[in-house]
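Please look at the sequence and the 3D structure below before reading on. The report then goes through them step by step.

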Amino acid sequence: MNSRAQTTLLTGISELRTVSELGTINDAAVIIEDGRIAWVGAQSAAPAADEASDLGGRAVLPGWVDSHTHMVFAGSRAEEFEARMAGEDYAAGGIAVTMEATRSAGPDALEGLLRERIAAAHAGGTTTLETKTGYGLDVASELAAAELAARYVDEVTFLGAHLVPPGAETEEYVDLVVGEMLDAVAPHVGWIDVFCERGAFTEEQSRRVLEAGRRQGLGLRVHGNQLGPGAGVRLAVELGAASVDHVNYVTDADVAALAGSETVATILPACDLSTRQPLAPGRQLLDAGVHVAIASNLNPGTSYTSSMNFCVATAVLQQHFTLDEAIHAATTGGARALRRHDVGGGLDPQGRPAKGTIAVGASADLHVLTSTHAIDLAYRPGMPLTWQTYHAGELVSAWQLPQYPTNLPPRKA
């Protein structure tokens, strides 16, 4: 009996952005086997496969790696958003509104919402997702969020230190986070995060949280430098965090520290626009040699979108990224922020199939555009440009191009 995995040849690729040493290949083909990339090259040189699929002359790139989301929540903060658009400043305290709604939602409702959000992300070309707890802010709710996320999401982060819940005393709450709460969620998460920001947690409190997580074997992440200059970047680099996210307000010393480290600076363009904060200085960070990722920051208060297409377009149009730089940041940059990047042979540091790249051995996570050229992500902003999404070789989302009538009569004057 032949137990060899079936191979699938994808042809008709006008432009293949591999985000690897192979660069961009025109008139390309890819072979998928057992959920991984088995071959990449020119279509004219493609070997035979068990089955084939013609992508019709469309552009293909790695699936987006969204390394910063908050998907486990209930409720809406539309009124808060409208007020902010009318001129009110953003403050972290709005998180408490979502806390109440999330605590009140039943487990079935939260599961349904999470599944819907993952499906929407797939429909936008995202194939790898991180998500955080942080809207329960008590032991039972944080544990429930961690258990739920662990069933559906690639990478799960404990964010009990998102905000001090109303009525709680700050030091007592930090004691809870680093003690009973962390003990409860640790078996279900791979990371710990803290909102090191005015109105949230101080540098000393943030250090306690991160060091407690590291003692439990968790990787470190930091929300930092969003609302003003602060200790977030410095603390992340000092402790060897995988990423520090937001980074809207950074000093020259912060940039130099990041450039000399393996900590990824994750920028969140949709959040910056939604909060009317200055856009993170992505160009400055890139020019300094900092590892940069782009993520959606999907959440109900400050970035209610999972559209990585939108974030990439913003990075190109407003933050002066080239298209290649933006695609890199939203694919292998995000993978690096999750320690899932290629370190050789298509494998990540743990020997798993790498994410965010199209290379032999990497996970067959592919984003097929409706267009022949990837530049349309910025050239045609806001248009529906995701046609198909493959996750580990499986088609997880497909969009049927609408048929627009071409024989409409002229409008009457």
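**The whole protein**

This is a predicted model. The protein contains 13 helices and 15 strands. Along the principal axes, its C-alpha atoms fill a box of roughly 70 × 65 × 45 Å. For 413 residues, a compact globule would have a radius of gyration near 22 Å, and the protein agrees with this because its own value is 22 Å.

Of the 413 residues, 55% are buried.

**A hairpin**

Strand β14 covers residues 386-391 and strand β15 covers residues 394-398. The two strands pair in the antiparallel sense, over four bridges. Y390 stands opposite L395, which belongs to β15. Two residues lie between β14 and β15 in this hairpin, and A392 in the turn has a positive phi of about 50°. In a regular strand, side chains alternate between the two faces of the sheet.

**Two residues**

Where are L273 and V189 found? L273 lies in helix α9, residues 269-275. V189 is found in a loop, between α5 (170-185) and β8 (191-196).

Is V189 buried or exposed? V189 has a relative accessibility of 11%, so it counts as buried, the cut-off being under 20%. L273 has a relative accessible area of 32%, which lies between the cut-offs of 20% and 50%, so L273 is partly exposed.

Both residues can also be placed by a partner further along the chain. The table gives one such pair for each.

| Pair | Separation in sequence | C-alpha to C-alpha distance |
|---|---|---|
| L273 and T302 | 29 residues | 8.7 Å |
| V189 and A146 | 43 residues | 6.5 Å |

Which residues does V189 touch, not counting those up to four places away in sequence? They are A146, V156, T157, F158 and L218. For L273, with neighbours within four places in sequence left aside, the contacts are L279, F310, T314 and Q318.

How values were computed. Residues numbered from 1 in each chain as written. Predicted model: local features only at pLDDT ≥ 70, side-chain atom pairs only at ≥ 80, totals over all residues. Heavy atoms only, no water. Rg over C-alpha atoms; globule rule 2.2 N^0.38 Å. Buried < 20%, exposed > 50% of the residue type's maximum accessible area, 1.4 Å probe, protein only. Pairing = 2+ DSSP bridges. Contact = heavy atoms within 4.5 Å.
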